[in-house]
Amino acid sequence: MPDPRETPAMQQYYRFKRQHPLCVLMFRIGDFYEMFDEDAVTVSKAIGLTLTRRTEGMPMCGVPFHQLESYLRRLMAAGFRVAVCEQLADASQVKGLIPRGVTRVVTPGTAVDETLLQGDATSTLAAVIFTASGDDSPASLAIVEVSTGDFVVVDCTPVQLVDELARRGARELLFADPGIGEVPVRVKRLLDALGIAGTPRPTWQFRLEEASQALREHFGVKTFAGFGIGDEEPVLQAAGAIVRYLKETQTLSEDDAKLAANFVAGGAGRATLKHLRPPRREDASRTCIIDAVSLRSLEIERTIRGKGTADGSLLGIFMNSGSCRTAMGKRLLRDYLCHPLREITDIEARQDCVGALMDERVVAGHAAACLEHVQDVARIAGRVAMARCTPRDLVGLARSIEAAAKLVEILDQSAAFSQLRSLLAPACEQTAAFAQAVLDGCVAEPPPHLRDGGLFKDGYDAELDEMRLLQKDAGTWLSEYQVRLIAKYPLPSLKVGYNSVFGYYIELPTAQARSAPPELVRKQTLKNAERFTTPELRDYEVKVMNAQQRGLDRERVLFNALCDQGAALLAAIAVIGDECGRVDVFSAFAEKAIRRGWKRPQIVEEPVLRIDGGRHPVLDETLGSEFVPNDVQLGVMKAEEGSADANPAKLALITGPNMAGKSTYIRQAALIALLAHTGSFVPADRAVIGKIDRIFTRIGADDALHAGQSTFMVEMIETANILNHATTSSLVVLDEVGRGTSTLDGLSLAWAIVEHLAGETQPEYAPDEMADGAAPPPTPPKSGPRTLFATHYHELTDLEERFAGRVKNLHVSVREWPAGDGHAEIVFLHRILPGKTDQSYGLHVARLAGIPAGVVSRGREVLATLAVHHMGGATSDSKAGTADGGTNANGKLNTRNISTPKAVEKGRGGGGGGVAQLALFKEYVQHPAVDAIREMKIDLLSPMQAFDELRKLKDLVDA
Ligand code: ADP
């Protein structure tokens with residue numbers, strides 16, 4: 001028996017498989033897409049298909065051709081990449097091997113079909129190129145949203161790479177394959193951090209010359225100056241590599257395309273990448289940076305513990321209430337939240353549009369009604385270009401264009417929208433005739449796909465009408481033909497009929513059959529009758545039999561013609577998508593502001609953060625009137641400078657028990673500041689916000705982004721990033737920094753971090769705290785970022801005094817009253833007030849959480865003992881002995897013993913710093929070696945004895 005792998009079709013299969021080694025190859029054979037060998041085994045297991053065998057030893061499984069999309073969806077969800085290999089010609093017209101070609105490759109970053117994408121989620125394909133070797137090499141990124149054609153290029157530092165890819169919703173990353181069979185370490189780090197797919201590509205495709213060539217060919221340009229990109233810039237390497245990849249995976253070769261043009265379902269041979277917009281360079285200086293850590297920890301797109309949906313996130317509050325009406329609006333809103341603006345004029349232009357829709361409710365209502373009819377124009381444009389457009393897409397596009405034109409009229413009176421209108425109006429005019437042609441030609445309820453026809457109205461096309469008439473009116477035609485024949489020949493019993501086996505026939509009883517004219521050709525003899533046919537009847541038969549297929553073919557030709565018209569208007573369609581999306585976001589902002597009483601924030605140049613009656617945008621919706629609003633006041637406006645009431649401090653330390661609302665408060669401040677920079681109004685009675693260049697956060701452990709690192713390491717990496725990059729214009733939000741290590745380490749670090757953030761130079765320490773001879777540090781020349789620092793280290797509150805006017809204390813108020821058992825009951829008021837607190841109420845919280853009463857009361861005993869021991873070394877200003885019968889559960893440390901960093905530096909080897917360290921050492925270290933040192937009489941030891949003692953000490957420590 002011949003080897004089944006040696007047949008011509010299988011040889012063809014293996015050729016494509018070799019070209020797409022990372023993909024499952026779905027190979028069209030007749031009405032099925034078949035998979036073989038390894039592919040068949042893994043796919044059948046993963047998505048539950050029945051595994052069969054083509055012949056012995058050759059596993060195979062398949063799916064019916066008309067269910068391709070649903071299987072693709074399942075395969076994508078299971079993490080597969082798929083190459084779809086089509087027959088490029090009609091099998092009945094071809095002798096021998098049918099030509100085939102891979103018409104599309106579906107990967108996480110290249111999905112364009114509606115069924116494979118979430119409407120409101122941005123899904124992009126990225127390519128990275130490092131411009132030098134080494135970990136600190138700068139990198140260039142190109143990012144394409146294949147479904148809409150949006151194309152962005154960015155130069156990044158290595159640190160920004162993850163942030164940029166996360167913010168842009170990258171799902172797949174192309175990188176130059178070094179050919180060593182391994183993913184390069186720095187690429188692997190990115191892929192792991194983001195949890196996305198990596199696709200190795202030949203290195204030459206990233207070379208400047210080849211990459212530029214691909215771009216020049218695609219966009220038909222000689223130089224990239226028109227795109228604002230220099231001809232030698234490394235971003236071109238990434239951009240060119242992406243274009244080449246898309247060409248290779250999403251379009252056919254010229255020859256195959258000709259062959260398949262009108263044959264392959266969906267017209268895949270016609271796929272182009274015409275919808276790709278020229279690469280645009282984002283001007284990073286115009287946006288406020290939210291890094292990947294902040295994106296996650298502020299729960300902007302999704303919650304940390306959520307199921308990957310927007311529920312419970314900042315984005316979610318705009319989705320759940322249904323306030324964004326279009327898919328473009330939803331994606332743009334996400335983009336606005338991930339890329340807030342930095343320039344006051346840009347922000348105010350958006351605020352004006354939101355404000356206009358709030359003031360003119362009738363206009364807003366009409367605009368919203370229009371937007372209801374606007375479909376995902378941006379992605380339909382992509383599908384038009386890539387020949388994956390469905391009849392519903394086409395009609396939806398035409399209706400959307402109509403709706404957009406109405407929107408232009410509605411917004412006509414509004415000055416805030418004049419710029420938007422100046423873009424939208426010409427785009428609508430340009431596309432109006434196309435939309436009209438579609439709506440004139442197509443039925444109101446188009447079929448989901450063209451397979452069964454039924455898209456065009458009767459009367460639209462004479463040829464199509466004839467086909468349809470043939471199918472519908474065959475009965476009428478046959479009886480008319482019968483009447484004609486009887487009139488022509490003296491054969492009164494002549495009948496014209498049809499049966500499924502023999503087709504159309506003329507039947508005569510045997511007696512009359514003898515006088516049949518020669519024009520009637522005998523076809524079949526029955527018991528009492530003869531059946532005939534005529535050339536006319538045969539022609540008619542062929543016509544009717546083919547009418548259905550020809551009707552479908554005709555519909556495809558008409559459909560393709562309309563799609564071609566649309567394809568010539570892609571730029572205008574993209575503008576319609578963009579601008580409708582913008583109006584949609586503004587109306588979502590306006591609706592939110594009206595419904596929830598949000599106010600227009602004032603954005604100013606001074607680095608202040610002033611929020612009156614601020615609410616957490618998400619909790620405010622879930623808790624309603626139970627949510628307690630709070631104020632924020634960091635920094636002073638120029639006009640207030642020198643005023644006795646105004647505290648210029650830009651760093652607030654928030655202390656208070658766990659569960660009191662510290663995290664909520666600091667997150668709320670960050671979210672309000674962020675919303676203000678998107679152009680949205682904010683959940684507050686009043687807000688004045690100095691423009692922000694970056695929002696930094698360090699909140700909770702973010703294990704997903706730093707797989708394999710300890711929680712403390714993650715905490716320190718994130719904090720290091722903040723300390724190294726925060727500027728005077730940044731907003732820093734820190735929650736419980738230092739918790740991941742021992743109390744002493746943690747407190748010391750937290751202390752030093754606050755010092756650093758409060759200003760670049762040292763605090764003004766009292767002279768008695770300075771090391772001998774140390775000069776007082778100079779006054780700070782520069783203020784630090786606006787910072788909210790929530791901590792359970794109450795010792796830090798002493799920094800307010802040391803950094804007067806730069807650090808201030810806030811605490812969360814708690815109401816306390818005696819309970820029946822002699823202890824205190826507490827209730828968290830969630831109100832943030834000036835001043836410090838030095839109680840942690842840890843035992844209360846434990847009790848509230850359901851820790852057994854016995855454990856809690858034993859905890860109190862232990863706490864009391866610890867407090868007594870501890871207070872021995874504490875200073876008189878420590879407030880021990882609270883209503884709880886103890887002190888703060890972390891122990892109040894003698895902060896006076898902590899020297900200034902300068903003093904330590906100067907006093908190394910003696911002086912104040914050394915004493916301070918010894919004090920901590922005495923208090924905390926209990927060890928036989930320490931006891932031995934204490935008892936040692938060093939004046940009486942000879943050098944040899946001293947050496948022996950030293951060895952003994954070492955043994956004690958090692959023991
Ligand atoms: P902490 O950071 O102090 O441990 P959280 O900020 O996590 O406390 O708040 C604990 C809980 O208290 C939150 O889940 C929320 O339900 C509630 N809470 C916080 N702030 C407020 C507020 N301003 N108004 C009402 N409830 C609040």
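**Salt bridges and ligand shell**

Arg325 and Glu372 form a salt bridge, with their closest N and O atoms 3.0 Å apart (a side-chain nitrogen of Lys or Arg within 4 Å of a carboxyl oxygen of Asp or Glu). Because Arg325 lies in the loop between α10 (314-320) and α11 (327-338) and Glu372 in helix α13 (residues 361-372), the pair ties together parts that are 47 residues apart in sequence. The model is predicted: local features need pLDDT of at least 70, side-chain atom pairs count only at pLDDT 80 or more, and totals for chains, interfaces and linings use all residues. Residues are numbered from 1 along each chain as its sequence is written, and side-chain values use heavy atoms, with hydrogens and water left out.

**Further salt bridges**
- Glu591 also forms a salt bridge with Arg325, the closest N and O atoms being 3.1 Å apart.
- This pair links distant parts of the chain, as Glu591 is in helix α21 (residues 570-596) and Arg325 in the loop between α10 and α11, 266 residues apart.
- Glu591 is buried at 14% relative accessibility, whereas Arg325 is partly exposed at 24% (buried is under 20% relative accessible area, exposed over 50%, partly exposed in between; 1.4 Å probe, protein chains only).
- The whole structure holds 46 salt bridges.

**Ligand contacts**
- A ligand nitrogen atom lies 2.8 Å from a backbone N or O atom of Val628.
- A side-chain N or O atom of Ser663 is 2.6 Å from an oxygen atom of the ligand.

Terms used: A polar contact is a pair of N or O atoms within 3.5 Å; within protein, one must be able to donate a hydrogen and the other to accept it, and residues adjacent in sequence count only if both atoms are side-chain atoms. Helices (H or I, at least four residues) and strands (E, at least two) are DSSP runs, numbered from the N terminus.
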